[in-house]
Amino acid sequence: MPHFRLETNVPKSKVTPELLKKLSAAVAKTLGKPEEYVVVTIVPDQLMAWGGDDKPCGTATLMSIGCLGVEQNKKHAAVLYPLLKKELGIPDDRLYITFSDQSSSNVGYSGTTFQTLLG
């Protein structure tokens, strides 16, 4: 159910299967969720400017059913920002991450919603 989506001007050539695996594992670990439900989407090669220039930058969303909140989001940010900086060269001050806590009734899966599956 967790989904991490990054839109960035970083070229596709830097987005490797290994990076997707690292991000998937990091998201699962920081949220305490099974990795089998984690989705990671990276949308590279976007025409983006931050502060008027086109140096590496991005916007991201981390969606989850629970495990998000004031203190938890600080922990998640502390995990994700360094990884994205190391792997994609996106500086901390050129990336926004929006945290989206969804109710189980608002996330569909396998022909129903997680509310039905989780009770």
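**Aromatic pairs and their setting**

Modeller: Tyr-109 is partly exposed, because its relative accessible area of 41% falls between the limits for buried (under 20%) and exposed (over 50%), taken with a 1.4 Å probe on protein chains only. The model is predicted, with local features needing pLDDT of at least 70 and side-chain atom pairs pLDDT 80 or more, whereas totals for chains, interfaces and linings use all residues. Residues are numbered from 1 along each chain as its sequence is written, and side-chain values use heavy atoms, leaving out hydrogens and water.

Rings of Phe, Tyr and Trp (its six-membered ring) pair if their centres lie within 6.5 Å; planes under 30 degrees apart are stacked, those over 60 edge-to-face, and the rest tilted. By this rule there are four aromatic pairs. In one of them, the ring centres of Tyr-37 and Tyr-109 are 5.7 Å apart and the planes stand at 75 degrees, so the pair is edge-to-face. Helices (H or I, at least four residues) and strands (E, at least two) are DSSP runs numbered from the N terminus. The pair joins distant parts of the chain, 72 residues apart: Tyr-37 is in the loop between helix 1 (17-31) and strand 2 (39-43), and Tyr-109 is in strand 5 (residues 108-109). Tyr-37, at 26% relative accessibility, also counts as partly exposed. Ring pairs link Tyr-37, Tyr-109 and Phe-114 into a cluster.

Another pair, Trp-50 with Tyr-96, is tilted, at 4.6 Å centre to centre and 45 degrees between the planes. Trp-50, in the loop between strand 2 and strand 3 (58-64), lies 46 residues from Tyr-96 in strand 4 (residues 95-101). Trp-50 is buried at 18%, whereas Tyr-96 is exposed at 55%.

As for the strands, four of them form an open sheet of mixed pairing in the order 2-1-3-4, where two strands pair if DSSP finds at least two bridges between them. Strand 2 and strand 4 are the edges, each pairing on one side only. Strand 1 (residues 3-8) runs parallel to strand 2 over five bridges, and Arg-5 has Thr-41 of strand 2 as its bridge partner.

Helix 1 packs on the sheet, touching strands 1, 2 and 3 (contact: heavy atoms within 4.5 Å), and its direction makes about 130 degrees with that of strand 2. Helix 2 (residues 70-88) also packs on the sheet, touching strands 1, 3 and 4, at about 140 degrees to strand 4. These angles run from 0 to 180 degrees between N-to-C directions, with axes fitted to C-alpha atoms, for helices over the stretch in contact.
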